[in-house]
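Student: Could we go through this structure together, one question at a time?

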Amino acid sequence: MRIDIITIFPEYLDPLALSLPGRARERGLLDIQVHDLREWTHDRHRTVDDTPYGGGAGMVMRPEPWGEALDSVCTEESVVIVPTPSGEVFDQGRAAALSAERHLVFCCGRYEGIDQRVIDEIADRWRLAELSLGDFVLNGGEVAALAITEAVVRLIPGFMGNPDSLVEESHADGLLEYPVYTKPASWRGRDVPEVLLSGHHGNVARWRHEQAVERTRARRPDLER
Ligand code: 6GU
């Protein structure tokens, strides 16, 4: 998979060189390129924003640098992701679908957003996904691009060391993860639940499922079907 990230703060994406995406990068499963949007400006001040038509607070990102950036980076295979709190909420299902794509392009907006004509142009020429991490506001799309990239690339076949952990993990079955324990069996007067020490795999599986259902009911009733 190839991922291009367009931003006015390329250093924000430095963590992608580390940890899990870093390993996939080294193994040739993943090629991530970060671009400074200002590469596609032509004025002395490398302007990327301006005041909103119609008035109001804040600045809007001008369309011209975005147009040139997308012309240069996108291909017919591209899915263009615009992180925005106004987007559809990103979830594990979206992560799985994106992990099957060959090319993702992230457009990280700052200020009050990107001129709508850029979004309309993307929708006309490529496949557009406006995605939100949830109901809260970040200063820009960079942290969302990091989060979405990590959720997607760990699902690329051959990327994870142990694929079992993908099947068992939180959200794969629509339930939250059950609680986990390791040694010692007793710690500060707190004991590991007896069933986990019993060696009875059927009882362990049943207990874990009950715990997952109970947690989901208490914390995320919206996930219950
Ligand atoms: Cl994708 N962008 C911004 N700026 N804020 C957010 C978000 C995205 N998701 C949640 N809050």
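Predicted model: local features only at pLDDT ≥ 70, side-chain atom pairs only at ≥ 80, totals over all residues.

Student: In what order do the five strands stand in the open sheet?

Tutor: Helices (H or I, at least four residues) and strands (E, at least two) are DSSP runs, numbered from the N terminus. Two strands pair if DSSP finds at least two bridges between them. The pairing here is parallel, and the order is β2-β1-β6-β5-β7.

Student: Which strands stand at the edges?

Tutor: An edge strand here has a single partner strand, so one side of it is left without a neighbour in the sheet. The strands at the edges are β2 (31-36) and β7.

Student: Which residue in β6 is the bridge partner of Asp-4?

Tutor: Strand β1 (residues 2-7) pairs with β6 in the parallel sense, over five bridges. Within β6, the partner of Asp-4 is Val-105.

Student: Which residue in β7 is the bridge partner of Val-80?

Tutor: Seven bridges link β5 and strand β7 (residues 127-132) in the parallel sense. In β7, Val-80 has as its partner Leu-128.

Student: What hand does the β-α-β unit of β5, helix α3 and β6 have?

Tutor: Strand β5 (residues 78-89) and strand β6 (residues 103-107) pair in the parallel sense over four bridges, and Ser-78 stands opposite His-103 in β6. A crossover is right-handed if, with the strands pointing away from the viewer, the path from the first strand over the helix to the second runs clockwise. With helix α3 (residues 92-98) as its helix, this unit is right-handed.

Student: Are α2 and α4 roughly parallel or roughly antiparallel?

Tutor: The axes, which are lines fitted to C-alpha atoms over the stretch in contact, with angles running from 0 to 180 degrees between N-to-C directions, come within 9 Å and cross at roughly 20 degrees for helix α2 (residues 63-73) and helix α4 (residues 116-125). Angles under 35 degrees count as roughly parallel, over 145 as roughly antiparallel, 65 to 115 as roughly perpendicular and the rest as oblique. The two helices are therefore roughly parallel.

Student: Which residue is joined to Pro-184 by a cis peptide bond?

Tutor: Pro-184 lies in the loop between α6 (164-168) and β8 (186-187). The bond has an omega of about 0 degrees, and the residue it joins to Pro-184 is Lys-183.

Student: What is the phi of Arg-46?

Tutor: Arg-46 sits in the loop between β2 and β3 (49-50). Although Arg-46 is not a glycine, its phi is positive, at about 55 degrees.

Methods
Residues numbered from 1 in each chain as written.
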